[in-house]
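Here is a short tour of a single chain, written for someone who likes cut-offs stated plainly. Have the structure open beside you as you read.

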Amino acid sequence: MLDQHLRAADPQVLSGHDALDNEVRWVHSSEIFEIGPLLSGGELLLTTGLGLAGVDSGTRRHYIRELAQRGVAGVAVELGRTFDQAPGEMVREASSARFPFIILRTVVPFIDLCRAANTDLVSREVAALRRRSELDSVLHAEMAAGAGAPAMLKRIAAAVGCPLVLLGKGNALMAAEGLDDDHSAWQAVDAQAASVPVGMRGEVIATLVAGPGSPLAAEDVLTLLGVGAGPLGVTLSLTRELAGLPHRAASSLVSDLLERRIDRRSDLVMRCGAAGFRPARSSRIVPVAVDVPTPRMASRLTASVVKNLAAQSMHAQVHATSYALIATGRPDRDDVALIVDAYREFADEATVVVGDPVSIDAEQLSTSLLRVRRALSLAVADRQIEAGGGDAVTSTRALSADLAVQTLDTAVLGDLVASIAPVIAWDTEHGSELTRTLEVHLRHGCSATRSAAALNLGRQSLYQRLERIRGLIGFDFTGAQTYPGLLLALRAHRAQGRSTQ
């Protein structure tokens, strides 16, 4: 008030310098000596001292003492009309009570001062009410959309204009907004501007802490935290209930990742925890997609694999597909190959695709999950085409060419297949398996031994087939320049076969 609204009156503070942060709720002017009982506290009182002109010094001290006891923010006395200088007894009494006593050395109509100051106060109050109402509406909309606690924190932080930290029981760090790492979060807690308990059903389940830096008054920050604590408590309570049903929490998490509805690492970590999956910060996550007759079979399969690998995992069911997230912690080993081998030991009737390892990042994990879902549909189709044959367990790495071919249009696929058209035509006419023989041979690095074993053929029979293929194509298909193109052409032909199923 001194800086913004009383400057024109040339104010000078004579006492109560350490109480100039008193909140002013209203600016009032009065010449009534017995004004104290009529005030409710928080007022800045303006007076010319007219009601104090004919009283003794003891009465003037009582006047100041009563204002201080009523919680009045301060009193400003205009000089020149009643007093040429501030009465010493009033200044001493105000100093004793640590009460702001201000003199106004330039005459300015009180009505102008009151109008400007109170208009500002009302405007600020309306703005505060609007902020509370808007935050409340936004948070309830987030709740209705099923948003997690990190999304709630983001909304609250935007309203208060400073970083937020959410602490669980025992002051465990649960989540943070507007901060880069755990160290910064603890620094914000140490320098906090305000905090409120977050409760649900009569139980305090967390603490919401506002760090420094908000442009709002401390009271406004505290009020907004209070607005956010209720919806946040409901969200945390739901998360805790889901924690008692990890399979539901896991399925919901994987579904949201497949729909790219999670974009924050903190949200991902919290929801993994609700599903009972708590990988270390340095872990790599390998998504796995499983096609199996019943979800129970998929759960048992993954449990056997994880036990064999001594790893941590989470199992989820989304629609008709089972998924697993397996946490690995050794960057120096090929986790995909290890997981593929482990699943092969227990696969039985399942078709399994192991995805690409990613860090604990929502965007990366969504991308890898979507890729493994597409790859599983290819693997299942291939096994159907080959009447139960094909790889029961594979990886997106092994199916990368097939996934790439999926993105090509029909004309490009036709151009690719044209290079092996004579072989396809021969199979159609004679009922042979030259096309499959060529694909298996190329996929096994043109090793006659491995190719013959995969095809369950004798080496001589294999050589006869390969010679026939070479004559139909008209060039050496094992050459370094032709090998990649032929393998891609075979993938394109396989894609065409899937599309006719």
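Asn-456 lies in the loop between α16 (448-455) and α17 (459-473); helices (H or I, at least four residues) and strands (E, at least two) are DSSP runs, numbered from the N terminus. Phi of Asn-456 is near 60 degrees, a positive value in a residue other than glycine. At 72% relative accessibility, Asn-456 counts as exposed, where exposed means over 50% relative accessible area, buried under 20% and partly exposed in between (1.4 Å probe, protein chains only).

This is a predicted model, in which local features need pLDDT of at least 70 and side-chain atom pairs count only at pLDDT 80 or more, while totals for chains, interfaces and linings use all residues. Residues are numbered from 1 along each chain as its sequence is written, and side-chain values use heavy atoms, with hydrogens and water left out.

**The chain as a whole**

- The secondary structure of the chain comes to 18 helices and 14 strands.
- The radius of gyration of the chain is 38 Å, well over the 23 Å that the globule rule gives for 501 residues, so the chain is more spread out than a compact globule. The radius is taken over C-alpha atoms, and the rule is 2.2 Å times the number of residues to the power 0.38.
- Along its principal axes, the C-alpha trace spans about 130 × 45 × 35 Å.
- Of the 501 residues in the chain, 44% are buried.
- Among contacts (heavy atoms within 4.5 Å) with a separation of 6 or more, 68% come from residues 24 or more positions apart.

**The five-stranded sheet**

- Five strands form an open sheet with mixed pairing, in the order β11-β12-β10-β13-β14. Two strands pair if DSSP finds at least two bridges between them.
- β11 (312-318) and β14 (393-395) stand at the edges with a single partner strand each, so one side of each is left without a neighbour in the sheet.
- On average, neighbouring strands of this sheet are turned by 20 degrees against each other, direction ignored. Axes are lines fitted to C-alpha atoms, for helices over the stretch in contact, and angles run from 0 to 180 degrees between N-to-C directions.
- β13 (residues 351-354) runs parallel to β14, with three bridges joining them; Val-353 has Thr-394 in β14 as its bridge partner.

**Covering the sheet**

- β12 is mostly covered, with eight of its eight residues buried.
- Thr-321, Tyr-323, Leu-325 and Ala-327 point one way from β12, while Ser-322, Ala-324, Ile-326 and Thr-328 point the other way. In a regular strand the side chains alternate between the two faces of the sheet.
- Helix α9 (residues 295-309) lies across β10 (284-291), β11, β12 (321-328) and β13, running at about 165 degrees to β11.
- Helix α10 (residues 335-346) lies across β10, β12, β13 and β14, running at about 165 degrees to β14.

**Helix α3**

- Helix α3 (residues 110-144) has 35 residues and reaches 51 Å from its first C-alpha to its last, close to the 51 Å expected. The expected span is 1.5 Å times one less than the number of residues.
- Its buried residues include Phe-110, Leu-113, Ala-117, Leu-121 and Ala-128.
- Just after α3, Gly-146 takes a positive phi of about 80 degrees.

**Individual residues**

- Leu-167 is found in strand β6 (residues 164-167) and counts as buried at 4% relative accessibility.
- Leu-167 and Ile-205 are 38 residues apart in sequence and 8.9 Å apart in space, C-alpha to C-alpha.
- Arg-264 sits in the loop between α7 (246-258) and α8 (265-274), and its side chain reaches the backbone oxygen of Ala-176 at 3.4 Å.
- Leaving aside neighbours within four places in sequence, Arg-264 is in contact with Pro-150, Ala-176, Glu-177 and Ala-362.
- Asp-10, in the segment before β1 (11-15), has a positive phi of about 55 degrees although it is not a glycine. At 32% relative accessibility, Asp-10 counts as partly exposed.

Terms used: A polar contact is a pair of N or O atoms within 3.5 Å; within protein, one must be able to donate a hydrogen and the other to accept it, and residues adjacent in sequence count only if both atoms are side-chain atoms.
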